Protein chains: 2
Amino acid sequence: MDFRELDRLNRRDLLRGTAMLGAGAAFMQPLPLLAQAGSMSDVRKAVEAGKDASIKRLRDWIALPSIAAENRNMTEGAAYMAELAKDAGFTNVEIVPTDGHPGVFGTIDVGAKRTLGIYFMYDVKQYDPAEWSSPPLEGKMVDRPGFGQSIMGRGAVNQKGPEATFLAALHAIRAAGRKLPVNIVLVCEGEEEIGSPHFRQIATKPNILAALKKCEGIFIPMPGQDSSGNVAVNLGSKGIIELELVASGEKWGRGPKKDVHSSLKAMVDSPAWRLVQALQTLVTKDGNTPAIEGWFENVRPLTEREKTLIREAAKADNDEAQMKQALGVTHWIDNLSYDDALIRLAQEPTVNIEGLVAGYTGPGGKTVLPGRAVAKLDLRLVPNQTRAEAEKKLRAHLDKHGFTDVEVNVSGGYDPTEVDEKSSLIRSELATYKKLGVNASLNARMAGSWPGATFTAPPVSIPAGHFGIGHGSGAHAPDEYYLIDSTNPKVAGLVDATMGYAEFLYTLAAIK
Amino acid sequence: MDFRELDRLNRRDLLRGTAMLGAGAAFMQPLPLLAQAGSMSDVRKAVEAGKDASIKRLRDWIALPSIAAENRNMTEGAAYMAELAKDAGFTNVEIVPTDGHPGVFGTIDVGAKRTLGIYFMYDVKQYDPAEWSSPPLEGKMVDRPGFGQSIMGRGAVNQKGPEATFLAALHAIRAAGRKLPVNIVLVCEGEEEIGSPHFRQIATKPNILAALKKCEGIFIPMPGQDSSGNVAVNLGSKGIIELELVASGEKWGRGPKKDVHSSLKAMVDSPAWRLVQALQTLVTKDGNTPAIEGWFENVRPLTEREKTLIREAAKADNDEAQMKQALGVTHWIDNLSYDDALIRLAQEPTVNIEGLVAGYTGPGGKTVLPGRAVAKLDLRLVPNQTRAEAEKKLRAHLDKHGFTDVEVNVSGGYDPTEVDEKSSLIRSELATYKKLGVNASLNARMAGSWPGATFTAPPVSIPAGHFGIGHGSGAHAPDEYYLIDSTNPKVAGLVDATMGYAEFLYTLAAIK
C-alpha cells in the first residue's frame, strides 16, 4: 500500500500543475505563524537553533534505506529507529519482533492527563538511482520552483521527513526546558510499503495494546499543504485488497499447463479465455460497479453530512477542468457532474484491474496459447465492508459461477477506516490549523487506503488520522523531496512544520 | 508467421520426447535408399562428391543472417540468394524490389514438358546468442542424440538447410552430366518471418506470375521426417490473422489517457474493463467457439474423406498419451476423444488469446488504473474463410456491440490453403516417398499457417505444399539444427535428403 494515496493535497498540486504556482504566490498572504511566535517563542527559538541538527538527522536517516521487499537493512533500520526514539526522549524503547520484520515501540510518560499516539514507518519504497536527478541516498538540497529549497532523497516525504520533523518538535520542547504537555506512545513498523502484513502483531502485543488504548488518538506525521497552503483533514479512508486472479491449466485441469502452440486452440481449452470469462462476472457491463454477490450488503451509504462536506470541498476547489486535463479524462463515470463524481469517488466500492498479464507480452505477436493468465486487481472497500468479508464473498462468487479453479491470491490490504469528526484528535487538528492560520477542509473519506484500521478497529479502537503542515512530493517516484526552506509564503518550511507539531501537542492537551 | 507451424513431424517428435528415440532405433529397418542406389547411382555419386561443398554452402549462408524485423542484411541477403540461385544453374536471376524488402526470382528452362515451382525464404528469425549452446552464426557440427551429427545455427532448419539441400540436388544433377527432367521456377522472399507482407507483390509481378502459372505446383523444401522416419503430406492449412485488440482512454473518450491512480476507479471508466467486456463477446462462454457474427458463414465442414484421413493418421500415430503429457493437457475440449479432437483441430476456426498486457505487469501489485489495455489475438481461419472477410466481420461485430472505439490492429496473416490430393504435385510427393521407402500419411489440413495461399489463390492458382526428407528442429528457438550425418537408419541425412529432392524431380517429370 502506499501513503501516496493519502496525500490528497499533493495530488491536488499534481493536478493543478506547477505552472500556476508562481503567479498564484503573488496574491497570497503569509502564514500568521511566519509573522508572530506568541507564547511559543521559546520553543520556536529552540527549533531554529536545532534546525541544522534536524536536517542532519533526516539526511543520516535517508542514507540508511530499509526496504522490506528486498529484505534490506531491516535489522539496521529498526535499531536506527530505536536510537532516534531514545534521542527524542522516548523511554522503554523496544524493538518488537514479528513474523516478518521488526517494529519499534516507545513511550514518553510525563504524567500528563492526555496521551497521544504517533505512528511511524521506518521503511521506504524501492528506487532506481538511474531515474533520479540527485543521488537518492544523499539528501542533497535542491530548489523546487514554487516551494523552495528541499531535501531530495528516497523517504524524504514518505515518511522520514515529516517523522524527523515531529521528532524535532520533541527535541525543541525539551531544549526549551519544557515538559511535554501530553504523554506520547510511539509505534513504528518497517513493512508499510509491503502492505503492513505484520503490523497488527505489533499493535496488539499486550504492553503496546495497553499503551495505545490510553491514547486520545494516533496520527502519522504528514506534510499536508498544497501550493495554496491548504490542508485537508481526513475523516476516513477506503480499505483495499490487492490480489491476483489466476487462471491456469495446472489448477483448472483443462487447457495446457504451460504455453503451447496457438494452433492447438481448436482442441485445447484456454486459461486466458477462462480468466476473461471469470473477470467479466465481477462487474457490471460498463465495468463500473462490482457485481460480486452480496458485495453491497454491508456498504454504508454516505451520510448527508459527508456528502455536504464533499460538495463544499468541490466548490472551494473548483478544479474540475484542471483535474480532467491532468488525468487525461474527458468524462466522469456516467457523465456525472464533478460533485456527484467526487461523491461517487468516496462512496462506491470498486473492482479495478491494475494489470493483465498472459502469454506473450512483447512487441508484435507470438503464436502461443498461454497456460496461465493473471489479472492484478485492487478492490477498494468502504465502511462497513471488511477485508475478511470481501475475500470470502469474492471466493464464493467465483465458486458459484463455476470458477472454483480460478485462484485468488491476496497479497495484502487494509480495512476501511473512519474517524469521528467530534473526536479530540480531529478537533485538535482543526484547532491547531486554525491557530496556525492554515485553511483546513474536512475530507469525508479518502479514496486511497492506509493501515489506520489497525488502530480504529478492535481491539485498539482509537481515532486515527494524519496531521502536519509543510510540503513534499514524489512518494514512490524518483526525485522525492521534502521542503526545508520555503519561498512560498503560504507553505511551511522545516521550522514552521516543526512548530506545527509542537502546537498540536499543546492544543490536544488543552482541548475541551 | 512461422514455418515451425508447418513442421508437424518435428512437433510430433517434440511431443514424443527424445528419450524413446534410442530404444526405438534398434528395431527400425534402414531406408531402402540407404541400401541401394539403382538408376540414380551417378547422381548419388555426385551428391556424395559434393557433400563438403554443400555443407560449406549452408554454413556460409547461416553466417549471413537476414532479419526483416531488424532490417538486418536484407540487401546483402537478397544478393546472396541471387548468387546461390545462379550457382545452382538458374538464369534470368532477378532481385525483385517490393514496398518492403526485396525478393529473388529465377528460372531454369531446359525445355522440359513440365515445370516445378520452388518457394524459398532467405530470411531467418531473430536470435539471442546467449541462449545458444553453440554460436548461432557458426554452423558448428554437433551430435543430436537419436539423430546424429547436425549443423547448429540460426536458419539451419528454417529454412536454409533444406533449401541448400535442394540446391545441392541441382548441383549434383548437373555434375552428373544430366539435364534437369523439369523446368524450375524459383521465387524467394525475405519477409517470411514477419508474415510475408509484400510477397504477393513478388508473385504477381507480370513475368513472375506468368512463370508461376506454368508450374504443375510449387513447394518449399522441408525436412519432414520424425524419429521414426515418417512424413506427412499436407493437403492444406488454416489461415491466420494476428492482431492486437486495443482499448484506450485515448480512443474511447472515456477513462484516462494514461495510467492514473487506482483509487480513481470510482469516478473514472476503465479501458481494461472495456477490453475484457469486448473480448468476452468474441467467443462462447467456454472460450472455445468464435461468436463473431457471421463467422461460420463460409466455413466448409471437413469432407468425410478428410475426416477419414485424420482418423487413420490418429490410429497410426496412437500417441494421445504422449501428446497430452508433452502439452501438459489432461482433457481435450469438451472431453472429446483423440480422433474427434484432431478432427476439431483441423475443422474449427479459432479465436485465441496469445497475450494480455495492461497496466502494471511486474511482480506483486501497483495501484494503477491503466489508460490502455491490449489483447494479442490470433484468429485461425479455415476454407472458405478469407482474411479480408474475417477482418471485416470482426470490425462489424465489435461495432454492433458498441465497441466502435476498440481498435483492431492487424499485424499480418495468411488466407487458408487447400491442395487437391489428385494434383500432380501431391501424387508426385506420394510416389517419391514410396520410392524412397518413406512412410507418408496424408494430412487433411494443418492447423498451422503458411504463405501458400499466395500460390493457391488467384491469380496464381497452382497447387502448393511442402516436400522433403531429412530432419531438423528448433525453428525460432535456440540450438536450431539440421541433420547432416544420420545415425538413425530411418531418417535421412544430408546426402539422402539431397537424393530425395533429385528423385522428386524425376518422379514429377514422369507422373501420369
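A: A residue counts as buried when its relative accessible area is under 20%, as exposed when it is over 50%, and as partly exposed in between (1.4 Å probe, protein chains only). The model is predicted: local features need pLDDT of at least 70, side-chain atom pairs count only at pLDDT 80 or more, and totals for chains, interfaces and linings use all residues. Residues are numbered from 1 along each chain as its sequence is written, chains are lettered from A and ligands numbered from 1 in the order in which they are written, and side-chain values use heavy atoms, with hydrogens and water left out.

Q: Is A:Phe403 buried or exposed, and where in chain A is its place?

A: Helices (H or I, at least four residues) and strands (E, at least two) are DSSP runs, numbered from the N terminus. A:Phe403 sits in the loop between helix H15 (387-400) and strand S15 (407-414) of chain A. With a relative accessible area of 8%, A:Phe403 is buried.

Q: With which residues is A:Phe403 in contact?

A: Contact means heavy atoms within 4.5 Å. Apart from neighbours within four places in sequence, A:Phe403 is in contact with A:Arg274, A:Gln277, A:Ala278, A:Thr281, A:Arg395 and A:Leu398.

Q: With which residue does A:Arg274 form a salt bridge?

A: A salt bridge is a side-chain nitrogen of Lys or Arg within 4 Å of a carboxyl oxygen of Asp or Glu. A:Arg274 forms one with A:Asp405, and their closest N and O atoms are 2.6 Å apart. This pair links distant parts of the chain, A:Arg274 being in helix H11 and A:Asp405 in the loop between H15 and S15, 131 residues apart. Both partners are buried: A:Arg274 has a relative accessible area of 15%, and A:Asp405 has 9%.

Q: How many residues apart in sequence are the parts that B:Glu94 and B:Lys205 tie together?

A: The side chains of B:Glu94 and B:Lys205 meet in a salt bridge (2.4 Å, N to O). B:Glu94 lies in strand S1 (residues 91-96) and B:Lys205 in the loop between helix H8 (199-203) and helix H9 (206-213) of chain B, so the pair joins parts 111 residues apart in sequence. B:Glu94 counts as buried at 18% relative accessibility, whereas B:Lys205 counts as partly exposed at 26%.

Q: Which residues of helix H4 of chain B are buried, and which are exposed?

A: In helix H4 (residues 41-49) of chain B, the residues B:Val43, B:Arg44, B:Ala46 and B:Val47 are buried. They lie on the same side of H4(B), because they cover an arc of only 160° around the axis; the arc is that of the directions from the helix axis to the C-beta atoms. The face turned away from this buried side carries the exposed residues B:Lys45 and B:Ala49.

Q: What do chain A and chain B bury between them?

A: Buried area is the accessible area (1.4 Å probe) that two parts lose on being put together, summed over both. Chain A and chain B bury about 6300 Å² between them, 56% of it on carbon and sulfur atoms. A:Met267, A:Trp273 and A:Leu356 supply 13% of the area that chain A buries against chain B, more than any other three residues.
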